[in-house]
Amino acid sequence: MIGTSHFTWLLSTLLLASCASQVPVNIRQAPLNSPLLNSVHENPEDFKSQQVRWGGEILEIENRENITVLTVLARPLSKGGKPLATDNSQGRFIAHIPAFLEPNVYTTEREVTLRGTLSGTETLPVGDHPYAYPVVKATDWYLWPEAVDYPSDYYAPWWYDPWYYDPWYPYPLHHLHNRHHHRD
């Protein structure tokens, strides 16, 4: 029979294990001295072979014979490596990924974070403008889950109001009939 202290320890261990992040460590942790994209744009040769962790919004995906090429609009990253929802961008970059990525999953506007080595630049047009894309040979990549888009009239007061009482709480669609949210 398991004693109370052993049971508490086992329960705590299981809870901690279930909370462990599914995001790979190489994505959560930036390499030491990882340069910013705008610094690489200014002097790409100074950063060749440097380790980076960059991320942002997928603009384009192209599967080639041995690699997948992602064109990414860079976004600042959170401490854990997730691209932030902001209009602030340092530019674009290209990632060479040594695997086939399904284009119906890695779609435009999805968020991705990559880690790899800078291998130079590739100049391609953006409209009529020639643009020098820094190229990252990716060793690790992570496609972030799509955000859940709740209806604009979704009202869930128990998330932030400790005094709210709702007898319909256990029923997931109760918010559709919430007496506190009337329309004229």
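**Note on a predicted protein model**

1. Surface. Of the 184 residues, 30% count as buried; buried denotes under 20% relative accessible area, exposed over 50%, and partly exposed the range in between (1.4 Å probe, protein chains only).

2. Basis of the model. The model is predicted: local features need pLDDT of at least 70, side-chain atom pairs count only at pLDDT 80 or more, and totals for chains, interfaces and linings use all residues. Residues are numbered from 1 along each chain as its sequence is written, and side-chain values use heavy atoms, with hydrogens and water left out.

3. Confidence. The average pLDDT, the predictor's confidence in each residue on a scale from 0 to 100, is 82 for the protein, and 69% of the residues score at least 70. Over residues 13-19 the pLDDT stays under 50, and the model has zero contacts there beyond four places in sequence. A contact is defined by heavy atoms within 4.5 Å. Where pLDDT is low, the predicted coordinates should not be read in detail.

4. Overall architecture. The protein contains three helices and five strands, in the order α-α-α-β-β-β-β-β from the N terminus. These elements are DSSP runs numbered from the N terminus: helices are H or I with at least four residues, and strands are E with at least two. Among contacts with a separation of 6 or more, 60% are between residues 24 or more positions apart.

5. Strand 1 and its partners. Two strands are said to pair if DSSP finds at least two bridges between them. Strand 1 is joined to strand 2 by seven bridges in the antiparallel sense, and a hairpin of four residues connects the two. Within this pairing, Gly56 stands opposite Ala74 in strand 2. Strand 1 also runs antiparallel to strand 4, again with seven bridges; here Arg53 has Arg115 of strand 4 as its bridge partner.

6. Strand 5 and its partners. Strand 4 and strand 5 pair in the antiparallel sense over 14 bridges, with Thr121 opposite Pro134 in strand 5. These two strands form a hairpin with two residues between them, and Gly127 in the turn has a positive phi of about 70°. Strand 3, by contrast, pairs with strand 5 in the parallel sense over three bridges, and His96 has Lys137 of strand 5 as its bridge partner.

7. Nonpolar cores. A nonpolar core is a set of buried Ala, Val, Leu, Ile, Met, Phe, Trp, Tyr and Cys residues joined through side-chain atoms within 4.5 Å. Which residues have the most contacts inside the largest nonpolar core? They are Trp54, Leu70, Phe93, Ile97, Val112 and Leu114, in a core of 19 residues. Two or more residues each come from helix 3 (37-42), strand 1 (51-63), strand 2 (68-74), strand 3 (92-97), strand 4 (111-126) and strand 5 (129-143). A second, separate core has five residues, including Val69, Ile94, Tyr133 and Val135.

8. Surroundings of Val112. Apart from neighbours within four places in sequence, Val112 is in contact with Trp54, Gly55, Gly56, Ile58, Leu70, Val72, Pro83, Tyr142, Leu143 and Trp144.

9. Aromatic pairs. Rings of Phe, Tyr and Trp (its six-membered ring) pair if their centres lie within 6.5 Å; planes under 30 degrees apart count as stacked, over 60 as edge-to-face and the rest as tilted. By this rule there are three aromatic pairs. In one of them, the ring centres of Tyr142 and Trp144 are 4.7 Å apart and the planes stand at 85°, so the pair is edge-to-face. Tyr142 counts as buried because its relative accessibility is 15%, and Trp144 counts as buried at 8%.

10. Loop residues with positive phi. Asn33, although not a glycine, has a positive phi of about 60°; this residue lies in the loop between helix 2 (25-28) and helix 3 and, at 66% relative accessibility, counts as exposed. Ser49, also not a glycine, has a positive phi of about 75°. Ser49 lies in the loop between helix 3 and strand 1 and counts as exposed at 56% relative accessibility.

11. Asn38 in helix 3. Asn38 belongs to helix 3 and, at 33% relative accessibility, counts as partly exposed. Its C-alpha atom is separated by 9.2 Å from that of Ser89, 51 residues apart along the chain.
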